[in-house]
Amino acid sequence: MRETVIDAHNLSKIYDEKTIPVYALNKVHLHISRGEFTAIKGPSGSGKTTLLNMIGGLDIPSEGFVEINGTNITNLKGNELIDFRLNNIGFVFQSYNLIPVLTAKENIEFIMLLQKRPKKETDQRVLELLKQIGLEDKVNKRPRELSGGQQQRVAVARALAPKPQFILADEPTANLDSVSAEKLLDMMLKLNQEENMTFVFSTHDERVINRARRVITLEDGKIVSDTAPTPVTQEQTETK
Amino acid sequence: MILKLIWRNLWRNSRRTLITVASIAFAVLFAILMKSFQNGVFKNLIKNVVGYYSGYVQIHQKGYWDEQVLDNSFVVESSLIPQLQQNANIKVIVPRLETFVLASKGNTSKGCLLVGTDPVNENKLTHLKDKLIKGSYFENNEEAVLLAEGMAKRLEVSVNDTIVLFGQGFHGVMAAGKYKIKGIIHLAAPAMNDSFVYLPLGATQYFLGAENRLTSISLGIDDSKNTNAIAKKVKSRIGQKYEVMPWQELMPEISNHIKADSFSFYVFSGILYIIIGFGLFGTVLMMTAERKYEFGMLIAIGMKKSKLELVLLGETLFITLFGVILGIVLSLPLVIYLKENPIRFGGQMAKAYEQFGFEALFPTDFDPNIFITQSLIVLAMAVLIGLYPLWHVSGLDPVKTMKK
Ligand SMILES: Nc1ncnc2c1ncn2[C@@H]1O[C@H](COP(=O)(O)OP(=O)(O)OP(=O)(O)O)[C@@H](O)[C@H]1O
Ligand SMILES: [Mg+2]
């Protein structure tokens, strides 16, 4: 039995409760274990973003609750919640992830600095990640000097740097051409295996979905299919 | 890291930042210059008016100012002058005995104001020697008068002629005396030029039978801005017996003129600052609107709102601080230069001024307080404006802001 990271119970999000209620999310149960590489797919408006926002502690469910590593985050408020996100969850958004006035290196270390990690540890980690994402030569470039794919790789590295419980990525490849998208996914997959990092991401892109180990399909706020995770990573991570 | 973010964000849109800095600098420069000018002009005006005759502060017997007669004169106590001399801000002490008498030569006579004074100190306060147009200056123990130009014309006399003074002395005694004219003086104010006669104090007291008596003591001080403080101090020591009046009470018209003019400065600079304030607010508003998504992202990934607010407030304060410092750096040499090289007006204006014996000179006043006050006003305004992004961030919901 693998360690549970995300546990969502009976999650619903209802908009316009007073007029015509819209169920953006309808009684969803979701359980994700450490090391999983999960894609969430579904047509536009099916509730992917809503679900990710709930388990990322960015939005409050109308019903149900979310536990991250045993902590019920639905009860957290204000700064507690922000701090929880800072220390436990890595975020990658569709675009404009990076702080435009900081260099690639500074963006990657940003979260570790907010966490007040020791400088030595931070520097080491950033160096290691820059290598892993293949951007050692872009250390001092600002985001606008990087391609869209490079920017997303830096965003993944930033999310990964402090070794959070899991990384949430809402359509991380939506703004990328297919080559960059595949490259980003390969990189994520590699990090998933090397660091046993849990990834949950949403996507429309079939080629991206093919790389996932587990695929959850949403429709009208409900999970309509959940293909079982392929038990890959165990041996691969151990052989490393 | 906070500082790094503030600094880099400032140069994100460097043109906008520079324009904002420049506009703040201009406002500070303008306000400082205007205020320094105004203070300089006032100081000069006060110095001129006060140096005419009255002095910055006068001491009289209680009741003298309302009824200016010899019977309201006072005997100088031996402790009074030393007490005044102790005050380091008081630079000159001019004892005077003043009354109206009749001056005549032959069949012509004319009423005049006889001023008995100490020639040396009188000159220190009112520069009487400089007003001499004929003859020479009088000395302490002389029985000789300086006659104002208008008087001399009326009586058709000149230097070395003798005039007779008649009048009522202390307690109504008859006073009469013959005095040689030692010099003719030109007094700028026509009323004074037509009626003043100066005689050394000792001779005047003897003439009026008012041994050891004075009607007023006029004080010259180091800086006009200390007037009220000095008047207060003197009052607290001798106010029981004497009336102590600063020039504002002696010449309320001038004091009111200055008050009205100061008020117009406050209105003007207020408007200036409001305009600049809106400019700064515009910058802050644009900056906040442009970066909404970024703020949402930062809060989403775990940056505390308070930290983000610190960055934003820092940006506003830095811009303002740069502007203020630039404004000071630019105005400092200008104010100092214009103090040393006052602007000199020509034409009608100069003539009008010269009629009253003023040089048409407008030096600025170099007063660090002006710099400090104007800077603080602008900074306070910036803090107020800087609160807007804080308010914006405090109500920011990352999910809503990041929705495309
Ligand atoms: N703030 C809101 N107010 C009202 N309805 C909302 C709001 N946010 C989302 N919805 C609705 O909730 C539903 C789910 O939206 P969501 O953004 O989660 O879909 P999605 O699967 O991420 O779609 P996409 O693929 O287009 O990103 C949609 O029907 C949407 O219209
Ligand atoms: Mg979405």
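I started with chain B, whose domain assignment gives domain 1 (2–50 + 255–403) and domain 2 (69–214); the bounds come from an automatic or database domain assignment. I then looked up the spacing: the centres of domain 1 of chain B and domain 2 of chain B, taken over C-alpha atoms, are 53 Å apart.

A note on ground rules before going on. This is a predicted model, so I kept in mind that local features need pLDDT of at least 70, that side-chain atom pairs count only at pLDDT 80 or more, and that totals for chains, interfaces and linings use all residues. Residues are numbered from 1 along each chain as its sequence is written, chains are lettered from A and ligands numbered from 1 in the order in which they are written, and side-chain values use heavy atoms, with hydrogens and water left out.

**Where the chains meet**

I looked up contacts next (heavy atoms within 4.5 Å). On chain A, 29 residues are in contact with 23 residues of chain B. The two chains bury about 2200 Å² between them, 64% of it on carbon and sulfur atoms; buried area here is the accessible area (1.4 Å probe) that two parts lose on being put together, summed over both.

For polar pairing, I noted seven residue pairs in polar contact between chain A and chain B, both residues at pLDDT 80 or more. A polar contact is a pair of N or O atoms within 3.5 Å; within protein, one must be able to donate a hydrogen and the other to accept it, and residues adjacent in sequence count only if both atoms are side-chain atoms.

On the side of chain A that touches chain B, helix H2 (78–88) and helix H3 (104–114) each supply at least two residues. H3(A) gives the most, with six residues. Helices are DSSP runs (H or I, at least four residues), numbered from the N terminus.

**Salt bridges**

I counted a salt bridge when a side-chain nitrogen of Lys or Arg is within 4 Å of a carboxyl oxygen of Asp or Glu. Three of them link chain A and chain B. One pairs A:Asp83 with B:Lys304, the closest N and O atoms being 3.2 Å apart. I also looked up B:Lys4, which forms a salt bridge with A:Glu106 at 3.0 Å between the closest N and O atoms. B:Lys4 lies in helix H1 (residues 2–10) of chain B and A:Glu106 in helix H3 of chain A, so this pair joins two chains.

**Ligand 1**

Where does ligand 1 lie? I found ligand 1 between chains A and B. There are 13 residues around ligand 1 (a heavy atom within 4 Å), and A:Ser44, A:Lys48, A:Thr49, A:Thr50 and B:Lys403 come nearest. An N or O atom in the side chain of A:Lys48 is 2.7 Å from an oxygen atom of the ligand. A:Thr50 has a polar side-chain atom 2.5 Å from an oxygen atom of ligand 1. From chain B, an N or O atom in the side chain of B:Lys403 is 2.7 Å from a nitrogen atom of ligand 1.
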